Amino acid sequence: MDKTAIVILNWNGKGMLRKYLADVVKYSVDDNTVVYVADNASTDDSVNMLHSDYPEIKVIELERNWGFAEGYNKALEKVKAEYYVLLNSDVRVTQNWLRPMTDFLDTHPEAAACQPKLLAMADNKAFEYAGACGGFIDRFGYPFCRGRIFDTVEQDNGQYDTTIPILWATGACMMIRSTDYWKVGGLDSKFFAHNEEIDLCWQLRTLGRKIYCIPSSKVYHVGGGTLPKGNPMKTYLNFRNNLTMLYKNLPAKELDRVMRARWFLDYLAALQMLVIGRSWGDFKAVFRARKDFRKWKPDFAEKRMKIRKNARLNDIPERVNKSILWDYYAKGRKTFAEVMK
């Protein structure tokens with residue numbers, strides 16, 4: 001068994017692999033670390049390029065495009081390692097990016113997973129949207145990060161350079177113990193993509209395991225490569241999966257209240273997308289997401305019962321007991337520090 005397996009899930013990402021894979025090999029491969037690329041049945045000659053240009057990398061060829069969640073599950077079934085690193089193909093790693101995270105997990109057995117500081121490729125002084133410096137959610141299930149609240153992304157001035165517990169680690173770059181990954185069954189394959197890493201981490205926190213951000217590790221992320229912001233499919237997946245995640249993980253005492261609030265908030269968001277954003281596609285995507293959530297909700301009843309039966313921690317500190325919508329839009333609190341006052 002290897003100590004650490006870095007697994008990059010690829011689908012028609014030959015260009016990204018050409019740009020960023022060399023640094024992954026340069027700064028990661030040693031006697032304890034192996035790099036894998038799991039290919040989701042690409043049609044862009046990615047696999048041939050990997051075999052010819054990177055013979056030291058192990059290639060896992062999947063028979064079809066399973067999406068992000070199930071693609072990783074299928075790939076990781078074939079990987080034997082103590083620690084998995086789920087790494088997007090559009091991430092540029094830096095020298096010594098891996099060691100702070102492996103050292104932390106080695107010395108903190110209570111930690112299931114961690115993430116590095118995630119900075120933007122386009123502006124390397126700014127945090128990157130998809131994870132920034134560690135993820136949290138509010139009482140209604142809205143994700144936010146140290147360094148990013150909704151569309152407000154902060155500059156990195158060292159203000160979040162402390163290692164702290166978080167609720168969720170970004171799927172763009174997450175190190176997780178293989179035992180913890182499979183303890184909750186891996187990523188939920190029904191999600192396909194979006195919110196699946198939050199769902200996984202929330203389940204682990206409910207079991208009493210901890211998630212951390214390790215800012216001494218630093219990587220740069222392009223972001224939005226598969227489904228860019230403003231794509232109705234991205235809107236659909238985010239709303240449908242977020243509602244499903246809430247149904248699966250919320251304690252019984254909160255479930256009805258939160259779901260009633262989300263009914264109102266989701267349709268308000270759809271109206272805002274139509275009136276302010278002029279996006280008919282996003283407007284319809286919210287309605288379709290809620291309709292499809294209602295249809296498949298019974299499919300998750302058994303999983304919800306299992307999560308609640310095994311729960312060791314109901315009141316999770318990193319699930320903040322306030323509305324960041326209210327803080328952001330009504331009170332004008334645009335940064336993590338302001339929201340957490």
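## Buried helix, pocket and surface patch

Within α6, the buried residues are Glu 196, Glu 197, Ile 198, Asp 199, Leu 200, Cys 201, Trp 202, Gln 203, Leu 204, Arg 205 and Thr 206. The helix, which spans residues 196-206, is thus described as mostly covered, with 11 of its 11 residues buried. All of this refers to a predicted model, in which local features need pLDDT of at least 70.

The backbone on either side of this helix also deserves attention. Just after α6, Gly 208 takes a positive phi of about 90°, while Phe 192, which is placed in the loop between α5 (178-183) and α6, has a phi near 65°, a positive value in a residue other than glycine. Phe 192 counts as partly exposed because its relative accessibility is 38%, a value that falls between the limits of under 20% for buried and over 50% for exposed.

Ala 132 likewise has a positive phi, of about 40°, although it is not a glycine, and it lies in the loop between β6 (111-120) and β7 (135-138). Since its relative accessibility is 0%, Ala 132 counts as buried. The positive phi values are set out below.

| Residue | Phi |
|---|---|
| Gly 208 | about 90° |
| Phe 192 | near 65° |
| Ala 132 | about 40° |

The second largest pocket holds about 250 Å³ of space. Its lining comprises 15 residues, of which Asp 30, Thr 33, Leu 98, Arg 99 and Thr 102 are the closest to the centre of the pocket. At least two lining residues come from each of β1 (2-10), α1 (14-28) and α4 (99-107), and α4 gives the most, with four residues. By residue class, the lining of this pocket divides into three nonpolar, six polar and six charged residues.

On the surface, a nonpolar patch is formed by Trp 263, Phe 264, Leu 268, Leu 271, Val 275 and Ile 276, which together have about 640 Å² of accessible area. One of these residues, Ile 276, is found in the loop between α8 (252-275) and α9 (280-296).

How values were computed:
Residues numbered from 1 in each chain as written. Predicted model: local features only at pLDDT ≥ 70, side-chain atom pairs only at ≥ 80, totals over all residues. Heavy atoms only, no water. 1 Å grid on protein atoms, 1.4 Å probe; cavity = no way out; pocket = protein on both sides within 12 Å on 5 of 7 lines; lining within 4 Å. Points joined across faces, edges and corners; volume = space filled by probe spheres on them. Nonpolar A, V, L, I, M, F, W, Y, C, P; charged D, E, K, R; others polar. Patch = residues over 30% accessible without salt bridge, like charges linked within 9 Å, V, L, I, M, F, W, Y side chains within 5 Å. Areas by Shrake-Rupley, 256 points an atom, 1.4 Å probe, with all protein chains shown as cover. Salt bridge = Lys/Arg side-chain N within 4 Å of Asp/Glu carboxyl O. Buried < 20%, exposed > 50% of the residue type's maximum accessible area, 1.4 Å probe, protein only.
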